[in-house]
Amino acid sequence: MRLLLLADTHLPKRAKALPDEVWRAAGSADVVVHAGDWVDVELLDQLQAHSARLIGVVGNNDGPPLRERLPEIARAELEGLRLSVIHETGTANGRENRCRRWFPDTDVLVFGHSHILWDTVTPGGLRLLNPGSPTDRRRQPYCTYMTAEISGGHLGEVVLHRLPPRR
């Protein structure tokens, strides 16, 4: 099972559209995961139409139209892997312990908010992933997203994709 991991797209404030590379990845993924801060409900509609399956949550910059359609926390079982998605996990300091307490029955937690890449594993085995942002790099050197594979209930290789600078 192929996953596309996104967060913090902030459309159309930070970019007019998702990069073509991200749309191609969405089209070939079995599941698209978006960890909030969509900003415009139109992107939700477009990703739902373009994706085999979409799992998304709201972020702190998402207004009432998105809040009516998306949860704050999403949970799914994908081929035996227990996935959770949330927008914000708090400060980096203490994140692993905090998330382990909040999500004791989760194998992989995808989150956003900071636009800062994150890939760690807690002492209990919870994998924490923040794919950054494909449209708003903030203080990061690149706009980014992640892809991953699930096989036999386990998360396989997670690949970070750096996008070229926008013109």
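How many salt bridges does a search of the whole structure find? The search finds five, where a salt bridge is a side-chain nitrogen of Lys or Arg within 4 Å of a carboxyl oxygen of Asp or Glu. Before I go through some of them, let me say what kind of model this is. It is a predicted model, in which local features need pLDDT of at least 70 and side-chain atom pairs count only at pLDDT 80 or more, while totals for chains, interfaces and linings use all residues. Residues are numbered from 1 along each chain as its sequence is written, and side-chain values use heavy atoms, with hydrogens and water left out.

Let me start with the record. UniProt, in an unreviewed entry, places the feature "domain: Calcineurin-like phosphoesterase" at residues 1-151; its positions are given in the numbering used here, feature names are shortened, and annotations may be inferred rather than shown by experiment. In the model, the end C-alpha atoms of that span lie 7 Å apart, and the span is 21% helix and 29% strand. When I speak of helices (H or I, at least four residues) and strands (E, at least two), I mean DSSP runs, numbered from the N terminus.

Now to the sheet. Strands of a sheet pair through backbone hydrogen bonds, either parallel or antiparallel, and here two strands are said to pair if DSSP finds at least two bridges between them. The model has an open sheet of five strands in the order E3-E2-E1-E9-E10, with mixed pairing. Strand E3 (54-56) and E10 stand at the edges with a single partner strand each, so one side of each is left without a neighbour in the sheet. On average, neighbouring strands of this sheet are turned by 20° against each other, direction ignored.

Which residue stands opposite His34 in E3? That residue is Gly56, and the two strands concerned, E2 (residues 31-34) and E3, run parallel and are joined by three bridges. Helix H1 packs on this sheet, touching E1, E2, E9 and E10, and its direction makes about 140° with that of E1; touching, or contact, means heavy atoms within 4.5 Å, and the angles, which run from 0 to 180 degrees, are taken between N-to-C directions of lines fitted to C-alpha atoms, for helices over the stretch in contact.

Let me return to the salt bridges. The side chains of Arg14 and Asp136 meet in one of them, at 2.9 Å from N to O. Arg14 lies in the loop between strand E1 (2-6) and helix H1 (20-28), and Asp136 in the loop between strand E8 (127-130) and E9, so this pair ties together parts that are 122 residues apart in sequence. Are these two residues buried, exposed or partly exposed? Buried means under 20% relative accessible area, exposed over 50%, and partly exposed in between, with a 1.4 Å probe and protein chains only. Arg14, at 44%, is partly exposed, whereas Asp136, at 11%, is buried.

A second salt bridge joins the side chains of Asp107 and Arg82, at 2.8 Å from N to O. This pair also links distant parts of the chain, with Asp107 in the loop between helix H4 (95-102) and strand E6 (108-110) and Arg82 in strand E5 (residues 81-86), 25 residues apart. Asp107 is partly exposed, with a relative accessible area of 22%, and Arg82 is partly exposed as well, at 35%. In another salt bridge, the closest N and O atoms of Asp119 and Arg127 are 2.6 Å apart.

In helix H4, the buried residues are Arg95, Arg98 and Cys99. Seen down the axis of H4, they fall within an arc of 95°, so they line one face of the helix; the arc is that of the directions from the helix axis to the C-beta atoms. What covers them includes E6, strand E7 (118-121) and E8.

Finally, consider the loop between E1 and H1, where Pro12 is found. A cis peptide bond joins Leu11 and Pro12, with omega about 0°. His10 lies in this loop too, and His10 has a positive phi of about 50° although it is not a glycine.
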